[in-house]
2 protein chains.
Amino acid sequence: MKALEEKILKDGQVRPGHILKVDSFLNHQMDIGFINEIGKEFKRLFADKPINKILTVEASGIGIACITAQYFNAPVVFAKKAQSLNLDGSLYTAKVQSYTHNRVYDVILSKKFLGPDDHVLIIDDFLANGCAVTGLLEIIEAAGATLEGVGIVIEKGFQNGGKDLRAQGVDLKSLAIIRSMTDTTIEFEEQDD
Amino acid sequence: MKALEEKILKDGQVRPGHILKVDSFLNHQMDIGFINEIGKEFKRLFADKPINKILTVEASGIGIACITAQYFNAPVVFAKKAQSLNLDGSLYTAKVQSYTHNRVYDVILSKKFLGPDDHVLIIDDFLANGCAVTGLLEIIEAAGATLEGVGIVIEKGFQNGGKDLRAQGVDLKSLAIIRSMTDTTIEFEEQDD
């Protein structure tokens, strides 16, 4: 998505440890008009799939998933981090390693909201090692639901998450794939359309 | 908002400890069509205010804030819980007591995204003791921004948050105010329009 690459080059900042900050428009402050363009693009990319549920994980995926869900006329379900007093005992759980925070946490999802009739599109802001998506895939499998695809805003192509998921046959579409980045340059993988 | 009261009566579940679960449509699974109706109602209620930023706190406020922000043509900024390696050193912080989780946490917001030119509408899913909103008010004050109002989906009117905020002169609008609830009944405060 050309407009996204341009936005990353204009507003993104590279920090030590291969951290790309896009917090001015994507995951701290959110440019809702631009995120609508992202949602439309996900719809275009997955238009032929019978998607009836959008799945993400808190926190920064939620807003993108909600805006995107409008184009699919589907509800969002977001997995929560760690046990909450407010949740049922009847939960799917998976362990996720956070690259950014350098720790392992549990994600949980109420069994009421995912089952064999669901055709799921996973949406998230970033894909690096792919641990969050892998956790969600475990939950989809435990629910007997069907994974229709994974839509990522920014993939760090120099880490293994995307490669591993595609090798598993997952229909993964990333709107921008970063091939390499240094303190002063960001290079993207060329993509069709 | 009549449709919201009806939805709470139909799909909400009361749990011990005055916990109201609305996780089938509001804060775990999210009914995006219905949340659009909520967003439109917030716009109607705050139509006369010069709002240029929607502020919320992760996680369950984010999706509601993003959908609502579309009706204001404004960006969303969400305060984050606890320190993240990904955030700048340059932060506003406030302490928040969580009623649901029974603990104190820090919320943080990058100084880049809130300043004296901002006219802020706070959006959140629940208001009980008002601690999350109070934390956001501290951040707004520290930023020198102007609070235009607070929009809450469900207020627990039998707790003190709403009363305290209104006593401070805050323009607080809650789409449903629960006067009382037991295991089998939920009663709402009557509201104008």
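Of the 193 residues in chain A, 48% count as buried; a residue is buried if 20 or more other C-beta atoms lie within 10 Å of its own, exposed if 12 or fewer, and partly exposed in between, with C-beta atoms placed from the backbone. The model is predicted, so local features need pLDDT of at least 70 and side-chain atom pairs count only at pLDDT 80 or more, while totals for chains, interfaces and linings use all residues. Residues are numbered from 1 along each chain as its sequence is written, and chains are lettered from A and ligands numbered from 1 in the order in which they are written.

**Exercise 1. Describe the overall build of chain A, from its secondary structure to its radius of gyration.**

Step 1: Start with the elements. Chain A has 5 helices and 11 strands; helices (H or I, at least four residues) and strands (E, at least two) are DSSP runs, numbered from the N terminus.

Step 2: Along the principal axes, the C-alpha atoms of chain A fill a box of roughly 50 × 35 × 35 Å.

Step 3: Look at the contacts. Two residues are in contact if their C-beta atoms, placed from the backbone, lie within 7 Å. Among contacts in chain A between residues at least 6 apart in sequence, 60% join residues at least 24 apart.

**Exercise 2. Which elements of chain A give two or more residues to the side that touches chain B?**

Step 1: Count both sides. The contact involves 27 residues of chain A and 27 residues of chain B.

Step 2: Assign them to elements. Strand 2 (19-21), strand 3 (29-30), helix 3 and strand 5 (76-81) of chain A each give two or more residues. Helix 3 of chain A gives the most, with 6 residues.

Step 3: Sort by class. The side of chain A that touches chain B has 14 nonpolar, 9 polar and 4 charged residues. In this scheme Ala, Val, Leu, Ile, Met, Phe, Trp, Tyr, Cys and Pro count as nonpolar, Asp, Glu, Lys and Arg as charged, and the others, Gly among them, as polar.

**Exercise 3. Work out how helix 3 of chain A packs against helix 3 of chain B.**

Step 1: Take the geometry. Helix 3 (residues 60-72) of chain A and helix 3 of chain B pack at about 45°, with their axes 8 Å apart. Axes are lines fitted to C-alpha atoms, for helices over the stretch in contact, and angles run from 0 to 180 degrees between N-to-C directions.

Step 2: Classify the angle. The two helices are therefore oblique to each other; angles under 35 degrees count as roughly parallel, over 145 as roughly antiparallel, 65 to 115 as roughly perpendicular and the rest as oblique.

Step 3: Find the hand. The crossing of helix 3 of chain A and helix 3 of chain B is right-handed. A crossing is left-handed if the near helix is turned anticlockwise from the far one by less than a right angle, and right-handed if clockwise.

Step 4: List the partners. A:Ile62, A:Gly63, A:Cys66 and A:Ile67 meet B:Ile62, B:Gly63, B:Cys66 and B:Ile67.

**Exercise 4. At what angle do helix 2 and helix 3 of chain B pack?**

Step 1: Helix 2 (residues 32-45) and helix 3 (residues 60-72) of chain B pack at about 50°, with their axes 8 Å apart. That makes helix 2 of chain B oblique to helix 3 of chain B.

Step 2: The crossing of these two helices of chain B is right-handed.

Step 3: Helix 2 of chain B brings residues including B:Ile35, B:Gly39 and B:Phe42, and helix 3 of chain B brings residues including B:Ile64, B:Ile67 and B:Tyr71. The contact has 8 nonpolar, 5 polar and 2 charged residues.

Terms used
Rg over C-alpha atoms; globule rule 2.2 N^0.38 Å.
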